[in-house]
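Open the model in your viewer and keep the selection tool at hand. This tour goes stop by stop, saying what to select and what is there.

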Amino acid sequence: MIPTDQQVDEDVEAVLAGSRAIVGISVRSLAEAMESLTLQQYRVLVLICGRGPLRSGALAAAIGVHPSTFTRAVDRLVAGGWVTREDNPDTRREVLVAPTERARDLVDQVLARRRASFEAVLERMDDDGRAAVREGFARFAEAAGDTDMPEATTLGYES
């Protein structure tokens with residue numbers, strides 16, 4: 001059965017409402033981190049906490065900035081105690097950017113707050129509602145295709 005234009009509009013509005021709720025939870029989970037960091041700096045921390053130490057050039061490419069701009073950003077993160085620079089043991093010519101324990105703690109706290117918020121929302125639903133959300137999100141993710149997006153790290157979702 002082909003959906004009507006009205007049904008498509010209602011479906012899109014429902015997805016938009018759900019996505020606003022998810023983005024709201026994500027943004028609120030970041031509020032405390034944003035007192036100390038910019039969103040771009042937090043994004044760098046998520047990348048290196050999730051993937052391990054990375055070359056500055058690879059990090060700059062991952063967040064879409066010019067390497068010279070990124071060098072200044074790393075300087076600020078080093079000064080703030082969020083990252084360290086270390087020689088790459090495989091090729092002494094490269095420098096890796098690695099998270100400090102402080103950075104790992106912050107990222108873990110943000111993700112824990114986000115998880116707790118999602119759990120609280122799901123707890124307000126009955127079993128049938130949770131099952132519908134689970135199935136709906138699984139189907140939506142499958143239909144969306146490539147969900148391994150570098151952009152997901154903007155709000156702290158590991159890609």
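Buried here means under 20% relative accessible area, exposed over 50%, and partly exposed in between (1.4 Å probe, protein chains only).

A word on the ground rules. The model is predicted: local features need pLDDT of at least 70, side-chain atom pairs count only at pLDDT 80 or more, and totals for chains, interfaces and linings use all residues. Residues are numbered from 1 along each chain as its sequence is written, and side-chain values use heavy atoms, leaving out hydrogens and water.

A salt bridge is a side-chain nitrogen of Lys or Arg within 4 Å of a carboxyl oxygen of Asp or Glu. Both residues belong to helix α6 (residues 127-144); they are three residues apart, so about one helical turn separates them. An α-helix has 3.6 residues a turn, so residues three or four places apart point the same way. Arginine 130 is partly exposed, at 26% relative accessible area.

**Zoom out to the whole chain**

Colour by secondary structure. Helices (H or I, at least four residues) and strands (E, at least two) are DSSP runs, numbered from the N terminus. Along the sequence the pattern reads α-α-β-α-α-β-β-α-α. The radius of gyration is 19 Å, well over the 15 Å that the globule rule gives for 159 residues, so the chain is more spread out than a compact globule. That radius is taken over C-alpha atoms, and the rule is 2.2 Å times the number of residues to the power 0.38.

Turn the view along the principal axes. The C-alpha atoms fill a box of roughly 60 × 30 × 25 Å. Of the 159 residues, 26% count as buried. The accessible surface comes to about 10300 Å², and carbon and sulfur atoms hold 55% of it. Accessible areas come from the Shrake-Rupley method with a 1.4 Å probe; for residues, only the protein chains shown count as cover. Next, contacts, meaning heavy atoms within 4.5 Å. Among those between residues at least 6 apart in sequence, 57% join residues at least 24 apart.

**Walk down α1**

Select residues 5-30, helix α1. At 1.5 Å a residue, its 26 residues should span 38 Å; the end C-alpha atoms are 37 Å apart, which agrees. The expected span is 1.5 Å times one less than the number of residues.

Which residues of α1 are buried? They are Gly24, Ile25, Ser26, Ser29 and Leu30. The buried residues of α1 pack against α2 and α5 (101-123).

Now pick Val8, Val12 and Leu16. Together they form a nonpolar surface patch with about 210 Å² of accessible area. Patches are made of residues with over 30% relative accessible area and no salt bridge; like charges are joined within 9 Å, nonpolar side chains (Val, Leu, Ile, Met, Phe, Trp, Tyr) within 5 Å. Leucine 16 is partly exposed, with a relative accessible area of 37%.

**On to α2**

Select residues 39-51. The 13 residues of this helix should span 18 Å, and its end C-alpha atoms are 18 Å apart, which agrees. Its buried residues include Tyr42, Val44, Leu45, Leu47 and Ile48. Step past the end of α2 to glycine 52, whose phi is positive, near 95°.

Show glutamate 32 and arginine 113. Their side chains meet in a salt bridge (4.0 Å, N to O). Glutamate 32 lies in the loop between α1 and α2 and arginine 113 in helix α5, so the pair ties together parts 81 residues apart in sequence. Glutamate 32 is partly exposed at 45% relative accessibility; arginine 113 is partly exposed at 27%.

Stay in α5 and select arginine 115 and glutamate 119. Their closest N and O atoms are 3.2 Å apart, forming a salt bridge. The two are four residues apart, about one helical turn. Arginine 115 is exposed at 57%, while glutamate 119 is partly exposed at 37%.

**Last stop: a loop**

Go to threonine 91, in the loop between β2 (83-87) and β3 (95-99). Threonine 91 is partly exposed, at 32% relative accessibility.
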